[in-house]
Amino acid sequence: MGKESVRLRKLKVNFWANIFCFILCCVHALSSCLSPESVLETAHSTCIVALVTNSCEIDNQIYDNSQFSDLKQLLIRKDLGILVGYIDINSKWPDGKQFHGEGVEAGKIVLFKKVPKDRTCLLPSPSQKSLVPLIFNGVNGLTTLIDFVNDGCHTYMSPTGGPSIEGLHKEEIHRTRFYVQNISDVQSKDVFQPVNQNCKVIDQPCSSDNHNFHVHNNKPKIPECERIDFPSKDDFFHNYVKISKPVIFKNVLRDWPAFTKWTNRYFRDKFGKNDVHIKLTPLGEYEGVEPRYMWENHEKFEIPKSVEDQLPFPDLVVVRPATKNMNFSNFMDIVEGVSNGTINDMSAYLEYSSIPDHLPELEEDIREDLLFKGLLKRKHLNIWLSDGRTLGKLHFDQFDNLLCQISGKKQVILFDPHNNHQMYEGHIPEAILSYDQTSNTFHRRHLLESTSMVMSPVDIQNPDYSRFPLFGETYPMNCTIEEGDILYMPSFWWHEVQSFPNKTAGRNLAINFWYDPFLVREFPCPECQLDVNPQYRHLL
Ligand SMILES: *[C@@H]1O[C@H](CO)[C@@H](O)[C@H](O)[C@H]1NC(C)=O
Ligand SMILES: *[C@@H]1O[C@H](CO)[C@@H](O)[C@H](O)[C@H]1NC(C)=O
Ligand SMILES: *[C@@H]1O[C@H](CO)[C@@H](O)[C@H](O)[C@H]1NC(C)=O
Ligand SMILES: *[C@@H]1O[C@H](CO)[C@@H](O)[C@H](O)[C@H]1NC(C)=O
Ligand SMILES: CC(=O)N[C@H]1CO[C@H](CO)[C@@H](O)[C@@H]1O
């Protein structure tokens, strides 16, 4: 879903090569005195805690305080990867700003947070010329200082040196995390078979029934995800959110006003005039990956060499659907026209469209108050409406998700977020379809100067095991939701979503909540592992 949410900045920003190479040691008298240059350099890999001194030339003991020495002992002993040192009150950043922060005097403790790698831009970015430190203003005593360091450096230490209670919980979370391979030995190579047709290439369905996997009859069954009655908030948090385990809550939406009120007629009457942003594709496939050579002018389209070198598959593109603004009534005409067979060869999707922004009146009909109130912070509430034959290709989202199925069903094939090199995670260049209304045709014209950071190049419906052999080793899971069900999908789980219509209603309708995730990681980065989101420390 929300594949657009992490679009790359335009590639054509000015090039700026980082030609400086800093020498880390310094000639100051004080052994662990940090220069601004060394701080800029090391902040990419570690968090830094420092005591501000009057001068690095004189004996540091003058400004040492016992709080800081105790911390220093602890950090050196524990080797948590935090750099401790001193900074000279007179030194300046290369951009001329004060090194120690505005209004700070000698004797103060400051902290420089680790600067995460910029994974959104593949062009060399201008190097940073200064950092803003956090300043410790706490009272005396090691405990408050440790809280300050834990907050700023995302560590979990106690004043005695061991892990804090939260740290112990966090370790337990890492130990007990859910893996599909712990419940199943069915691998992707056992169930996803290549189809030897070029059907996708010419926008033709692969068979009369292209909406099902080519899973052979005698193949093992993909394990299904757990289906339970709606749990308590505690149960949900401890047995699912904390260990990153998908689960379906059976039949919980029937009491929501949305479930009965939101008919096509109601949408037309209430929102007919409202403008909506619609995605269009020829076959109902959304965000698949295909060869770049299929696009017009691909020979002329140049990617800067420095960018191309970082693309794992420069010959592939993610196909974004064509877009069109129309009123809701026009959109319903297409949905109904496709369903009753009067419109062929196209699919229209109101995809992850924000309810608060575009259809705010609908919020009244949604019983969010019944859903684990106060646990996770809501980021987005979206509506998903189509004729019901859409396929959202393999990707992940950086949010915890509650997907609420109102009409029709969705088969969600999931892969856990642990071995992402097996999913070939990386930047994939984008291209966007164009739709010509007069001829009712789609064109592959626009290659884009941006990349997707959340798509897998693997087509699970027709896997190319010669190119993506590791995918065969993954363990799929099948979470299929019916009308009234909610799927909890934890952040960073890969998923491909095949929708099916409710045949009577001729549509598929869902809403979903995206929450700030409990578990986070950097991406694209196959080797980066999930960790507790610092924003949810209080839940540990
Ligand atoms: C929707 O737009 C079409 C023109 O594109 C117009 O004919 C129609 O009256 C509009 N419907 C509503 C309900 O505004
Ligand atoms: C199909 O649906 C469209 C849009 O609602 C409607 O205008 C048309 O009359 C329907 N046709 C049939 C054959 O049901
Ligand atoms: C997934 O589960 C649903 C519901 O049990 C089932 O109908 C469907 O065939 C399964 N899909 C696959 C690919 O195994
Ligand atoms: C399909 O939708 C209708 C309402 O339009 C509902 O009565 C029916 O139960 C739904 N069918 C299924 C299989 O859920
Ligand atoms: C409880 C358990 O068996 N956990 C295992 C699940 O699978 C992962 C990956 O193989 C192991 O690391 C866990 O120990």
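Student: Which residues surround ligand 2?

Tutor: In this predicted model, ligand 2 is surrounded by Arg268, Asp333, Glu336, Gly337, Asn340 and Thr342. The protein covers 43% of the 370 Å² of accessible area that ligand 2 has on its own.

Student: What makes the pairing of Glu336 with ligand 2 a polar contact?

Tutor: Let's set the distance against the cut-off. A polar side-chain atom of Glu336 lies 2.7 Å from an oxygen atom of ligand 2. A polar contact needs a pair of N or O atoms within 3.5 Å, so Glu336 qualifies. Asn340 passes too, because an N or O atom in its side chain is 2.3 Å from an oxygen atom of ligand 2.

Student: How many residues of the shell around ligand 2 are nonpolar, polar and charged?

Tutor: There are no nonpolar residues, 3 polar and 3 charged. Gly counts as polar here, so Gly337 falls in that group. Helix α10 (residues 328-339) gives the largest share of the shell, 3 residues.

Student: Why is Ile146 called buried?

Tutor: Ile146 has a relative accessible area of 1%. Ile146 sits in helix α3 (residues 142-153). Leaving aside neighbours within four places in sequence, Ile146 is in contact with Leu71, Leu74, Met157, Ser158 and Pro159. One of these, Leu74, is 72 residues away in sequence, with a C-alpha to C-alpha separation of 10.0 Å.

Student: Lys279 is a lysine; is it buried or exposed?

Tutor: Buried: Lys279 has a relative accessible area of 9%, and the limit is under 20%. Lys279 belongs to strand β8 (residues 275-281).

Student: What makes the link between the side chains of Lys279 and Glu351 a polar contact?

Tutor: The two side chains are 3.3 Å apart at that contact, and the cut-off is within 3.5 Å. Not counting residues up to four places away in sequence, Lys279 also touches others, including Tyr286, Pro321 and Tyr349.

Student: Which strand is joined to β14 by 8 bridges?

Tutor: That is strand β23 (residues 508-515), and the two run antiparallel. With at least two bridges required, 8 bridges make this a pair as well. His380 has Trp514 in β23 as its bridge partner.

Note on methods:
Residues numbered from 1 in each chain as written. Chains lettered and ligands numbered in written order. Predicted model: local features only at pLDDT ≥ 70, side-chain atom pairs only at ≥ 80, totals over all residues. Heavy atoms only, no water. Near = heavy atom within 4 Å. Polar contact = N/O pair within 3.5 Å; in protein donor to acceptor, adjacent residues only side chain to side chain. Areas by Shrake-Rupley, 256 points an atom, 1.4 Å probe, with all protein chains shown as cover. Helix = DSSP H or I, 4+ residues; strand = E, 2+ residues; numbered from the N terminus. Buried < 20%, exposed > 50% of the residue type's maximum accessible area, 1.4 Å probe, protein only. Contact = heavy atoms within 4.5 Å.
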